[in-house]
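Have the viewer open as you read along.

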Amino acid sequence: MVALIYSDRFLDHLTGLGHPECPQRLTAIVEALRAAPWGDRLAWHLPTPLTERDPLPWITQIHDPQYLELLQHLAQRPGGGALDLDTPVSPDSYDVALLAVNAWLDGVDFALRNEPAFVLARPPGHHATAKMGMGFCLLGNGAIAAHYALAQPGIHRVAILDWDVHHGNGTQDLIENNPAICYCSLHQSPAYPGTGRASDQGHHGNVLNIPIPPNSLFPTYQTAFTQQVIPFLSQFQPDLLIVSAGYDALHADPLASICLQPADFAQLTQQIRPLAPRLFFGLEGGYDLPALGAAVVATLEVLV
Ligand SMILES: [Zn+2]
């Protein structure tokens, strides 16, 4: 069985009319998974409630407490607020973002029990830096999960692979000082947020950035995986692999110009499976609803 960690509560982070990072993204994925012929091999789980596990100690390990106060303050204002033009904060956003962190921590827990998991949560996280959220992201879910994992018995090295089409500047910011975590990102360049040069290798050589030219097709990813991603992750020998699974490198995606097809993610998933004894996936971006649903289905089809 593959664990699906999801709650309707993740629909309550509201971004406003016409915003691409909308609640319907999750609904589209849920419907696509329920329609899959192997849908009965998915075990749906609610994230651990905030009353059962408080994620704040894990969040404040890497995020500035003043930023958390700001986030809470914006959410408490009538009608919410915004961190930047792209990143609205609605009245429920703070609590939903905490629950999303819990869902990613659950992803770690499932992986450690040797159950592969997919975390279907929002808001996404890989642009959130220590001091500020940005680019639709409030809290650094993947980086927080990596630090949480390192506190568990038997986990000495954690790898994060980020195939969202945008560079995870936040994740890199939050892990590059820690030699026990490595981060590998494939991202369109030039594109938002403008970071992620190949020459940025982290403070311990623990970062691999692979800029991808606009209009690239799957063979470019295939080559990058064979020549760079797989050797880098194999050498690091992670005890756990976290996949920051964004699906905005799809050809249909309105926010970027890479030309992957949903089935390509099945191939990428197949290739990364042997790289770590345990793994889980967490949703980042992906804004064309039908293609997003199809690509998550393609990913999970490999795991079931
Ligand atoms: Zn993205």
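The crossing of α1 and α9 is right-handed, a term used when the near helix is turned clockwise from the far one by less than a right angle, anticlockwise being left-handed. Helices (H or I, at least four residues) and strands (E, at least two) are DSSP runs, numbered from the N terminus. This is a predicted model, in which local features need pLDDT of at least 70 and side-chain atom pairs count only at pLDDT 80 or more, while totals for chains, interfaces and linings use all residues. Residues are numbered from 1 along each chain as its sequence is written.

The axes of the two helices, α1 and α9, come within 8 Å and cross at roughly 50°; axes are lines fitted to C-alpha atoms, for helices over the stretch in contact, with angles from 0 to 180 degrees between N-to-C directions. The helices α1 and α9 are therefore oblique to each other (under 35 degrees is roughly parallel, over 145 roughly antiparallel, 65 to 115 roughly perpendicular, and the rest oblique).

| Helix | Residues |
|---|---|
| α1 | 24-35 |
| α9 | 289-303 |

Now to the sheet. Eight strands form an open sheet in the order β2-β1-β5-β10-β9-β6-β7-β8, with parallel pairing; two strands pair if DSSP finds at least two bridges between them. At its edges lie β2 (42-45) and β8 (207-212), each pairing on one side only. Neighbouring strands are turned by 15° against each other on average, direction ignored. Within the sheet, five bridges join β6 (residues 158-162) to β9 (residues 240-245), and D162 stands opposite S244 in β9.
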